[in-house]
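Please open the model in a viewer and keep the selection panel at hand. The stops below are arranged so that each selection leads to the next.

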Amino acid sequence: MSFSIAQMAKDARKASFSVANLSTAQKDAALSAMAQKLIERTELILTENQKDLDAGKENGLTDAMIDRLRLTPERVKDLANALIEVTTLPDPVGTVSDLKIRPNGMRVGRMRIPLGVIAMIYEARPNVTAEAAALCLKSGNAVVLRGGKEALFSNLVIAKCLHEALVEQNIDPNAICVVPDPDRAIMNELMTLSDDIDLIIPRGGEGLIRFVTENSRIPVIQHFKGVCHLYIDQDADNKMALDLLLNGKTQRTGVCNALETLLVHQAQADSFLPIAAKALAEKGVKIHACEKSIGYFAGAELATEDDWHAEYLALEIAVRIVDDFDAAISHLESYSSGHTEVICTQSYQRANEFTRRVNSAVVMVNASSRFSDGGQLGLGAEIGISTSKLHAYGPMGLESLTTQKFIVQGEGQIRP
């Protein structure tokens with residue numbers, strides 16, 4: 001039997017009506033059951049994941065892509081824990097805010113409701129299958145998950161586990177749909193199904209996200225890339241600055257909240273860059289340095305205009321000495337991707353000015369860019385990070401998967 005993405009979307013739409021009316025207790029019970037299934041099926045999940053890893057290596061996937069694709073017993077456990085964490089988060093559905101009494105006595109408020117059906121289009125990230133499913137379920141939405149061919153076996157086995165749990169909980173398994181065929185034509189058709197899909201969230205490389213944005217007839221949450229910056233201010237503590245640099249750049253390179261550009265105030269260059277150069281060399285980091293900073297690094301390449309736009313997702317970083325605080329802000333205005341920017345400073349005034357003038361989705365003072373993550377920011381497992389300001393901005397948790405409707409309570413008022 002041939003696969004129909006249009007029918008899958010219709011099935012998800014039908015399921016969304018029942019999911020929207022589940023109680024918080026029912027949703028949390030389902031999430032707990034889903035987490036338990038992942039633990040019980042760990043061996044099967046790893047067996048299927050290995051098929052994807054073997055194929056990925058044969059097809060020349062980058063180290064960053066392989067890292068995103070790889071599942072281990074610890075990562076499966078982390079997935080299960082992420083689902084459990086979602087059960088501890090407040091359920092946004094049905095909450096009422098902005099309640100006001102109008103002069104005529106009517107009570108007007110706004111109630112949070114699910115968006116409906118969300119489609120996820122993503123690449124070699126099998127964790128997205130479980131995390132997106134959990135967040136969509138808790139926020140009362142159905143979800144259609146279209147992963148890349150690189151993770152097909154992993155995605156399908158995770159979906160099998162989640163479906164088993166849903167059936168046991170008497171919930172329509174079509175609330176979580178995983179597209180079983182990675183054919184590009186199916187994805188193209190998915191992006192036209194505006195009658196049954198309410199929102200598309202792409203996660204992956206810049207090319208994928210631009211393709212979805214340019215071809216979708218459905219609203220798209222955009223996150224083109226994460227060019228994250230660390231700015232070392234003129235009075236920064238060098239030890240703190242080095243810790244932020246190494247954690248942000250080398251702790252895990254293939255993620256969107258890893259540092260890609262280092263900006264250093266010229267007054268701090270002589271004291272900070274020699275220790276940074278030594279530490280980065282020990283970690284094997286390739287340096288793309290501006291003309292003013294290249295002399296501090298052995299074997300560095302002269303940075304080009306492209307380097308200021310680059311999301312390396314590897315042990316590489318661009319380095320630039322800036323004349324002053326305003327020059328750092330100017331660089332961010334020209335090259336920021338809107339993801340995450342960090343300042344290391346001991347100045348309360350400049351810290352405040354940085355947070356006020358920099359309008360990326362996450363702005364940090366004296367904290368690693370690696371904390372730019374839904375779980376670390378208290379949202380639980382995130383469904384993605386939006387670098388477009390409509391309708392969500394930054395890491396997207398439960399509330400970002402809902403909208404608001406007006407509710408009005410009257411006592412027979414009529415309009416004169």
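Select W308 and R320: R320 lies over the face of the W308 ring, 4.8 Å from the ring centre. A charge is taken to sit over a ring if NZ of Lys or CZ of Arg is within 6 Å of the ring centre and within 35 degrees of the ring normal. A further case is R110, whose charged end sits over the ring of F406 at 4.6 Å from its centre. The model is predicted, so local features need pLDDT of at least 70 and side-chain atom pairs count only at pLDDT 80 or more, whereas totals for chains, interfaces and linings use all residues. Residues are numbered from 1 along each chain as its sequence is written, and side-chain values use heavy atoms, with hydrogens and water left out.

Next, display the sheet. Its 7 strands form an open, parallel arrangement in the order β10-β9-β11-β8-β7-β12-β13; strands (E, at least two residues) and helices (H or I, at least four) are DSSP runs numbered from the N terminus, and two strands pair if DSSP finds at least two bridges between them. At the edges are β10 (301–302) and β13 (362–365), each of which pairs on one side only. Strand β12 (residues 340–344) runs parallel to β13 and is joined to it by 4 bridges. To see one of the bridge partners, select E341 together with V363 in β13.

Helix α10 (residues 238–250) touches β7, β8 (259–265), β11 (316–322) and β12, and its direction makes about 160° with that of β8. Contact here means heavy atoms within 4.5 Å; axes are lines fitted to C-alpha atoms, for helices over the stretch in contact, and angles run from 0 to 180 degrees between N-to-C directions. Helix α14 (residues 348–357) lies across β7, β12 and β13, at about 175° to β13. Within α14, select N352, which is partly exposed at a relative accessible area of 36% (buried means under 20%, exposed over 50%, and partly exposed in between, with a 1.4 Å probe and protein chains only).

Which rings form the aromatic pair found by a search of the whole structure? The search finds 1 such pair. Y231 and F325 have ring centres 6.1 Å apart and planes at 65°, so the pair is edge-to-face; rings of Phe, Tyr and Trp (its six-membered ring) pair if their centres lie within 6.5 Å, with planes under 30 degrees apart counted as stacked, over 60 as edge-to-face and the rest as tilted. Because Y231 lies in strand β7 (residues 228–232) and F325 in helix α13 (residues 325–335), the pair ties together parts 94 residues apart in sequence. Both Y231 and F325 are buried.

Move to the largest nonpolar core, which has 49 residues; M34, L38, M120, I201 and I383 touch the most other members. Such a core is a set of buried Ala, Val, Leu, Ile, Met, Phe, Trp, Tyr and Cys residues joined through side-chain atoms within 4.5 Å. Helix α6 (residues 126–138) supplies the largest share, 8 residues. Another core, of 38 residues, lies apart from it and includes V264, L280, A310 and Y335.

Finish with the backbone. N170, in the loop between α7 (152–168) and β5 (176–178), has a positive phi of about 60° although it is not a glycine.
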